Each structure stands twice: as C-alpha cells, then as structure tokens.
Amino acid sequence: MQFIYLKAQYIKLQSEINRNIQMVFDAADFIMGPQVEELERQLADYVAVKHCLTCANGTDALTLALMAYDVKVGDAVFVPTFTFYATAETVSLRGATPIFVDIELGTYNISCERLREAILYVKTERKLNLKAIIAVDLFGLPADYPQLRHIADEYGLKLIEDGAQGFGGSINGKKACSFGEIATTSFYPAKPLGCYGDGGAVFTDDDELFALMQSYKEHGRGGDKYDNLRVGLNSRLDTLQAAILLPKLKAFQEFELEARNQVAGRYRDGLADCLVVPHIPEGYVSSYAQYSVLLKDGQQRDRVQQKLKEKGIPTMIYYKKSMHQQTVHQGNPSIHFGFPVAEDISKRILNLPIHPYLEEEEQLYIIETIRDFVSR
Ligand SMILES: *Cc1c(COP(=O)(O)O)cnc(C)c1O
C-alpha cells in the first residue's frame, strides 16, 4: 500500500500524458511553450480569478507574492505556526519577520482570535511594520477567509493565501486560490494537483500585482527581455510540466476531487466515533491534501502508527515540529506567545493514506486495523 499512489493515476491517464509529453519533444519548445499559457488560462478559469502565472515551485510563488508587495526588513508578516516551513521561510528570505500564530483545534488553520492578539502585540511594540498575513489552507481546507478579510482590512494588512495544499477547496462555491489578493499554489507531486517534478503558480485579480510578478519571475524584466528594471528570479514552469498538468487538471475536475472527498467520507464514517476526524465547517469543501486524525495522546499515536506499519499501512506525521519550535526561529520575537494548540496537535496527529485511487477494500482494511487498536 502507498501513502500517495501516483502510479495509479499515471496508469489511468497514461495515454493523454504520454501524448502531451511527445508533443513537447516533437516541438522542442521546452521553455514557455504554448502549453504553459494554456494551463495558466485553464487554472485561472477554474479558480475564477483574472490572472494565473505559473512558476518553478510553491516556494517561489510565495516569494513572488512577497516581492510584489515589497515585503522587506522591518516588516511583520503573520503566519500560522503549524505549516510547512516554506510559508515562514520566504518571509525571512525577504529580510522580514514572520510572526507566528497558533491554530484552531478543529480545522488546523490559523486562529483568528490569536491573530488579533498577535497583531495588537506587534502594533503596541512599534518595532515592526504591520505588513501582511499569509493564511495557509492546511491539508486542503480553506482558512477562515471571511474573518481574515475583515481583520486584514481593519489593520491595513495584505492578505496572501498559501494554497499549496488547498487547490480544489472552496467556501460557499468560491474556490481556494481566489481568497488572497494574491494566492499561491504548488504542483509538487504529492499536492492535490501535482506535476512530475516541481511547479507552482500565483493567482490574482489585480492587474498591477500580476504585471509585477510577471516581471519578478523573469529576472525583473521590463518591456524588453534585456531591459531589467528590478532584481528578480528565474522561476518558470517547464513546458513539459504544463503539458503533464493539463490532463491532470481535467481529471482533477472530472473525478479526482470527488474521489478524494469520497475517501474522506469513508474515513469519517468509519472512525469518527473512536478518534478525532477533521472538522469541515458549514459551506466549506476540502481538497484533502491530507487526511489527519487526532489520537488520545502522543503515546497512543506512536503505538497506532507502529501497529499500522506492521500491517503494511504507511502513515505520516505532519507536522512534528511547528515553526516556533524550529531551531532557525529561536530568536523570533513571537516565540514567547505560547502555542498550546499546535503543540498538542503535533503530538497527537496522524496522517492516513489518501488519494483518489485508494480502493474501498484497502480503505476498509485501514479503518478496521485502526478501530481494532484504538478501541482496545
Ligand atoms: C508544499 C508547500 C509549500 C511549498 O511548495 P513547493 O512547491 O514544495 O516549493 C508551501 N506552503 C505549503 C503550506 C506547502 O505545503
């Protein structure tokens, strides 16, 4: 059994993917071939935003967003402490200061209450400039954007959506990657929509931000290719990856997102009475980048993980360490806030296999094995 079974997807989509790859080889159009623009158009349509710009990976996508906002030394950027390192790393790379915020118990996403406290702290201290919030759609579930939008407007903060895990989710029909003034995503193979290597994208409705990010991703170019206006990156999505993503995006829309939700539904039905399953608020849809459950305590979690391993069931722990616990962040000014929810969850969380090709039979075996152990 695989944690994420990419091969099953390839087998299903093989003829279309192979044909698209062959087309790129035949045209030898490896950089910025027509598939890149076609993909950007389809992604923007799916998310229902005006602009999509692909780039080399989800980390660069965040960096492009921060560059477009001129995030720099002296700026405070609020990020959830329970996330993948890149969310905070890109802030530090700009010379700015990530301010860590605890998460909500039910959704694993940034806590708006703790966010307000963190903003007031930074405001009162008057050492850093209130700049931006990066909300993360963790494990596929959009963050609480109605409230986040309100807070961002109240304090004049930019709102960036890190949708690396969130692509495909929605709130009342409005799609993930449309909630921030800039949203980002990743096409790392294990994400809900993955390519066969590294890839990423930014989304925005704003023409000016779009033009800036377009420039920054190409060495800060101006109208002419050899006219450089600013210091930028070299961050492109290969034509090959765009060609691979086109049929994958189609499958994602036609059945994969639904299949992921079916798998999640079976876990919920089979496990909700014996451990904590993810809470999906009313009107929200998750793309289930991960299916995360909480055990009673750390001891039980480690025992269950070991038992599942013995039975051939792979699991993961996202995340063992939050941002405030990383060695690199030990001098961070928000480190003393206290992050009880993130610390509790990182001890108890267990991520179960989830992908659109998980067979019902396999899944019932996983559920039975967990039940057998947890109920004892
Ligand atoms: C994966 C991920 C990223 C980075 O994406 P890459 O394509 O690996 O650079 C950023 N933020 C979150 C929350 C992620 O899960």
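Student: With which residue does D207 form a salt bridge?
Tutor: This is a predicted model, in which local features need pLDDT of at least 70, side-chain atom pairs count only at pLDDT 80 or more, and totals for chains, interfaces and linings use all residues. Residues are numbered from 1 along each chain as its sequence is written, and side-chain values use heavy atoms, with hydrogens and water left out. A salt bridge is a side-chain nitrogen of Lys or Arg within 4 Å of a carboxyl oxygen of Asp or Glu. For D207 the closest N and O atoms are 2.8 Å apart, and the partner is K50.

Student: How many residues apart in sequence are the parts that D207 and K50 tie together?
Tutor: Helices here are DSSP runs of H or I with at least four residues, strands are runs of E with at least two, and both are numbered from the N terminus. D207 lies in helix α7 (residues 207-217), whereas K50 sits in the loop between α2 (34-47) and β1 (51-55). The pair therefore ties together parts whose separation in sequence is 157 residues.

Student: What is the relative accessible area of D207?
Tutor: Buried means under 20% relative accessible area, exposed over 50%, and partly exposed in between, with a 1.4 Å probe and protein chains only. D207 is partly exposed, and its value is 42%.

Student: In which helix do E117 and R114 both lie?
Tutor: The two residues form a salt bridge with the closest N and O atoms 3.0 Å apart. E117 is partly exposed at 45%, and so is R114 at 32%. They are three residues apart, about one turn of the helix, and that helix (residues 112-125) is α5.

Student: With which residue does R221 form a salt bridge?
Tutor: R221 counts as partly exposed at 22% relative accessibility. E218 is also partly exposed, at 24%. The closest N and O atoms of the pair are 2.9 Å apart, and the partner of R221 is E218.

Student: How many salt bridges does the count come to?
Tutor: Besides the pairs above, E38, R41 and D45 are linked in a network of salt bridges. By the 4 Å rule, the count comes to 17.

Student: What is the volume of the largest pocket?
Tutor: On a 1 Å grid over the protein atoms alone, a cavity is a set of points where a 1.4 Å probe fits but cannot get out, and a pocket is an open set with protein on both sides within 12 Å along at least five of seven lines. Grid points are joined across faces, edges and corners, and a volume is the space filled by probe spheres set on the points. For the largest pocket this comes to about 510 Å³.

Student: Which helix gives the most to the lining of the largest pocket?
Tutor: Lining residues have an atom within 4 Å of a point. There are 27 of them, with F84, Q165, S186, Y188 and K191 nearest the centre. Both α3 (58-68) and α4 (86-93) supply at least two residues. The most, three residues, come from α3.

Student: Which residue has a side-chain N or O atom 2.7 Å from an oxygen atom of the ligand?
Tutor: Of the 14 residues around the ligand (a heavy atom within 4 Å), G58, T59, D162, S186 and K191 come nearest. G58 places a backbone N or O atom 2.7 Å from a ligand oxygen, and a polar side-chain atom of D162 lies 2.8 Å from a ligand nitrogen. The side chain asked about belongs to S186.

Student: What is the volume of the largest cavity?
Tutor: Two cavities of 30 Å³ or more turn up in a search of the whole structure. Of the 15 residues lining the largest cavity, L6, Q9, P192, R260 and P356 are closest to its centre. The elements giving two or more lining residues are α1 (6-27) and α8 (239-271). The volume of the largest cavity is about 110 Å³.

Student: What distance separates the C-alpha atoms of T124 and P356?
Tutor: T124 lies in helix α5 and counts as exposed at 62% relative accessibility. T124 and P356 are 232 residues apart along the chain, and their C-alpha atoms are separated by 48 Å.

Definitions and conventions: Polar contact = N/O pair within 3.5 Å; in protein donor to acceptor, adjacent residues only side chain to side chain.
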